[in-house]
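Subject: Structure handover

Hello,

Here is the structure, with the sequence alongside. My notes on what was found in it follow below.

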Amino acid sequence: MSSAADALTIHQLLGRIVYFHALFIEPAHRPSPPPGPGPECCNHGASFGRRTTDELLHDSAWAALVEVATTIPTHHQPCPKAAGSCCATCRISAAAAAIAAGWAETECRGYRQDDPAETLLQTCGRAAAARLGRVFAAQHTAPCPALDQLTVPEPLPDVQELPLTGELLALWADPTATARQPVASWLNHCTGLDDVRRVLETSRTES
């Protein structure tokens with residue numbers, strides 16, 4: 001696949017995140033106090049000289065990821081010195097972690113009417129940070145020592161458990177292989193979390 005096709009696929013998947021967030025998550029998200037800032041990014045911590053947010057995120061489709069993450073303050077933990085000089089890869093990884101954790105929390109409350117285990121949110125967040133961060137770093141040749149230390153935990157929730165979060169994690173495991181066939185294509189026919197919940201309840205009753 002050409003680099004142009006790769007970029008198109010990435011843009012499509014970023015658009016899918018924005019669309020699903022606006023349609024399913026944001027209307028149902030229950031806000032709570034933010035957790036405070038996260039660790040310092042590579043450019044403000046022990047390392048420096050990484051490609052910056054000013055350099056890579058200005059007018060980039062990836063900037064949408066950061067915008068989505070800021071709507072989930074409960075899970076958004078940016079660098080405490082957040083600025084245009086931050087490591088861009090750290091910024092994307094932090095945004096991806098916030099989105100996955102926020103989606104998982106909202107889905108658990110929407111389908112089960114209970115709060116998820118903190119380990120589930122951490123697992124989803126860490127997996128998204130690693131997967132989306134690596135795609136970003138590869139596309140922009142923006143290596144990051146913090147990203148290198150991230151591992152994808154197992155097991156991860158699947159689309160039968162948390163459809164939106166499960167699809168997010170599955171699609172970004174290998175974007176070029178999965179973009180043309182969404183993992184849970186029936187999500188395209190839902191208009192809210194209540195629709196998703198009904199589909200899940202029906203599938204469980206029939207199985």
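**The largest pocket**

Helices α4, α5 (118-140) and α6 (145-148) each give at least two residues to the lining of the largest pocket. Helices here are DSSP runs of H or I with at least four residues, strands are runs of E with at least two, and both are numbered from the N terminus. Please note that this is a predicted model, in which local features need pLDDT of at least 70 and side-chain atom pairs count only at pLDDT 80 or more, while totals for chains, interfaces and linings use all residues. Residues are numbered from 1 along each chain as its sequence is written, and side-chain values use heavy atoms, with hydrogens and water left out.

The largest pocket holds about 760 Å³ of space. It is lined by 30 residues, and those closest to its centre are Pro 39, Gln 77, Ser 93, Ala 94 and Ala 97. The largest share of this lining, 8 residues, comes from α4. By class, the lining has 18 nonpolar, 8 polar and 4 charged residues. (Ala, Val, Leu, Ile, Met, Phe, Trp, Tyr, Cys and Pro count as nonpolar, Asp, Glu, Lys and Arg as charged, and the others, Gly among them, as polar.)

Pockets and cavities were found on a 1 Å grid over the protein atoms alone: a cavity is a set of points where a 1.4 Å probe fits but cannot get out, and a pocket is an open set with protein on both sides within 12 Å along at least five of seven lines; lining residues have an atom within 4 Å of a point. Points are joined across faces, edges and corners, and a volume is the space filled by probe spheres set on them.

**Helix α4**

Helix α4 covers residues 88-112. At 1.5 Å a residue (times one less than the number of residues), its 25 residues should span 36 Å, and its end C-alpha atoms are 36 Å apart, which agrees. Of the 25 residues, 23 are buried, meaning under 20% relative accessible area, with exposed over 50% and partly exposed in between (1.4 Å probe, protein chains only). Just after α4, Gln 113 has a positive phi of about 60 degrees.

In α7, 8 of 9 residues are buried, among them Leu 164, Glu 167 and Leu 168.

**Aromatic pairs**

The count is 4 aromatic pairs, where rings of Phe, Tyr and Trp (its six-membered ring) pair if their centres lie within 6.5 Å; planes under 30 degrees apart are stacked, over 60 edge-to-face and the rest tilted. Tyr 19 and Phe 20 form a tilted pair, 5.9 Å centre to centre with 45 degrees between the planes. Tyr 19 is partly exposed at 46%, whereas Phe 20 is buried at 2%. The rings of Trp 62 and Trp 172 are also tilted, with centres 5.6 Å apart and planes at 55 degrees. Trp 62 is in the loop between α2 (53-56) and α3 (63-69) and Trp 172 in the loop between α7 (163-171) and α8 (175-178), so this pair ties together parts 110 residues apart in sequence.

**Cysteines**

The search found 0 disulfides (a pair of cysteine sulfur atoms within 2.5 Å). For Cys 79, the nearest cysteine sulfur, that of Cys 41, is 3.9 Å away.

Regards
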